[in-house]
Amino acid sequence: MEVLGKLTALLQQALETREPEINLLDSFVDHWKGITNYYIETTDEYRPVKDTDIPWRLKQMLDILVYEEQQQQLQQEDTGPCMEYLLQHKVMETLCTLGKAEYPPGMIQQVLVFFTKVLSQVQKPLLHIINVYRPVQKLIALCGLPSSQTEKEEAHFMFVVCSRVKKDPNILSFILEVMRTLIKLKEPRAATPGPNCEGERGFIQTLTKLTQSTKSRVVQHAMESLVLLVSGAPEDTGRLLLETSPLCQLLSQRLCDLYKLIPCTLDPSDLQMQQAVQWRCSPSSPDSGHVTRFFCWLDFCDHLITHAPIVSQLCIDWIKFTLTCEVMSEAGVLVHTTLLSCIARHTHSSALLGELILFLLGDDTEPEQRSDNHTHTLRYSLIQNCDHISDEISIATLRLFEELLQKPDKRILSNLALRNLERRCYATPMSSELEEDPFFSDALFSESEFGGVEPLSSRPCPPVNMPQAESVNSFLCLVPQEAKTSQHVPGTGYDTYVHDAYKMFKETSALCIDWGWPENILHSDMQPSAEFYEGHFLHVLFNRLGRILEQPYELNLQVTSVLSRISLFPHPHLHEYLLDPFLSLSPGGRSLFSALVRVIGELMQRIEHIPNISNKLVHIRKQLMGQEDETLVDHVTLLRGVIVLEEFCKELAAIAFIKLPTEAQ
């Protein structure tokens, strides 16, 4: 007990002789007065702030605020005296004024750092307090000035502001006020401010300027700030933001400006190879190229809309007023059509894709008529360009439609084809009964023609005398034997198409799984009395297919690629119209198979006048495969057209096979 008593006495003595506690408020006030006294006592106006004790005093003030808050939390008390002093004496307001004056030189950087750390390190919500959000507003107005030397600090400051807004929805009204008051988008960073906004920059304007910075982290911070701001807004607040601020106009204007910088002299083949550009990791300096910077900003807008669909309106103005003029003009139509293909390929948000579809195709849902006045001029022009006198323009436009057909939106196929097939005006009542193929005899494909490829059910092929098998056989036997060359060149058999068709059909089926299509043909919807018109798009494709023997090889590949893409969709009416050789067409109607039959008839007449046709076709096929050197051959366009025709028929046969019901495979 005696030892314990001595130990207690020693501890008591130690407590009584410890150094007195530092008064936090006195220390905080001393540091603040040290800063204000500098302006009273200094005589050197050009002395940089880093050579004074201002940065050190600001850091001490910040540390005191953070420490005080930690102590207040432990004692479960409200705002501490130092924070009260900061608010009551408008310390942040004064600092903002000093930063605007840039006195001493470099003061704005110190103010930005102090504001950023206060908002990020102090856990207590502050942005709803008038003596905080007003100086924050003013500091935002000071960001984004031309020739700014504090881009890094500005971007970090805005990122922290948006982070606090996202964490506390109750202060969204603050940021809306900032947006309504300060958002203005002017020229790029080298431009001079206009008379109505001299000396101030808005939040979005600063972001736009910072996207041209050579510092990648600055760009990322600026863009992520906007994502935080918009994605954190509830729907009603987001709508208010959309309606009361020029946010959408500013973003779309930036997109428009970047698009206009892309020269019309670019090589379309280089554009077609444009890889996906991600805004978080792409170069953003002026040296990175106009195309890269445009697609970087497009990816950012796409990402923004994905996380905040309410902002989908941002591209309406850009789509309407920029692309329309460029695509409709003959000058540069090739480059702009290729750019449209790239835009469609790199667009992923459903809202932005919907705006793009509406712009390109319109919103008509009724079946087309031959006498239509084509109220949607752009759609009509694009489809006409698939049959343009320039083969390059035709190929570029066909690629655009192929890109669209791979997008997950049912309106695309409905607009281009399905709305004209829903009533089955293409068929007569007798088409539901299987008839003997009028063009071919009883020749049926053997199991060996599948090259050992198993059908979708992973079971061996059933007997070949089943009716469904005849549709596959009809496509395989379309090209006359003397014009076929696959059997003479290894690796060009039908089996390769079955593998590819199976993979593509799975992808296409997954694309449209939620589109609500019927599983079977709707006979009740049949209206044979109505005049059938396949629609402008299929009409042009069939016309192109009819000229396959006289068109360039590259163009034929693109035409057949688009038709194959459409044939893969699992809509029963589309399948019937494109892949049923026994379809009894309505008077004056034509289908994919009937268009091919007409081409075969022309082919059989023309090859009669070409001697040694089989050897020449084999030679041309090997040339196209790179197995033989190119040499001058008569009728080369025709011969290449025959090769494409044979391959296309095999591809259609493979598609028809993999789409057969399981019991028919």
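**Exercise 1. The nonpolar core**

Which residues of the largest nonpolar core touch the most other members?

*Solution.* This is a predicted model in which local features need pLDDT of at least 70, side-chain atom pairs count only at pLDDT 80 or more, and totals for chains, interfaces and linings use all residues. Residues are numbered from 1 along each chain as its sequence is written, and side-chain values use heavy atoms, with hydrogens and water left out.

Step 1. A nonpolar core is a set of buried Ala, Val, Leu, Ile, Met, Phe, Trp, Tyr and Cys residues joined through side-chain atoms within 4.5 Å. Buried means under 20% relative accessible area, exposed over 50%, and partly exposed in between (1.4 Å probe, protein chains only).

Step 2. The largest core has 172 residues, and Phe115, Phe157 and Ile566 touch the most other members. Helix H29 (residues 636–658) gives the most to this core, with 15 residues. Helices (H or I, at least four residues) and strands (E, at least two) are DSSP runs, numbered from the N terminus.

Step 3. Contact means heavy atoms within 4.5 Å. Leaving aside residues up to four places away in sequence, Phe157 touches Leu112, Phe115, Thr116, Leu119, Val136, Leu139, Ile140 and Cys143.

**Exercise 2. The chain as a whole**

State how many helices and strands the chain has, and what share of its residues is buried.

*Solution.* Step 1. The chain has 29 helices and zero strands.

Step 1. Of its 665 residues, 52% are buried.

Step 2. Among contacts with a separation of 6 or more, 77% join residues 24 or more positions apart.

**Exercise 3. Backbone details in loops**

Where are Pro104, Glu102 and Asn612 placed?

*Solution.* Step 1. Pro104 is in the loop between helix H5 (91–101) and helix H6 (107–121). The peptide bond from Tyr103 to Pro104 is cis, with omega near -5°.

Step 1. Glu102 is also in the loop between H5 and H6. Although Glu102 is not a glycine, its phi is positive, about 55°. Glu102 counts as partly exposed because its relative accessibility is 35%.

Step 2. Asn612 is in the loop between helix H27 (592–607) and H28. Asn612, not a glycine, has a positive phi of about 55°. Its relative accessibility of 48% means that Asn612 counts as partly exposed.
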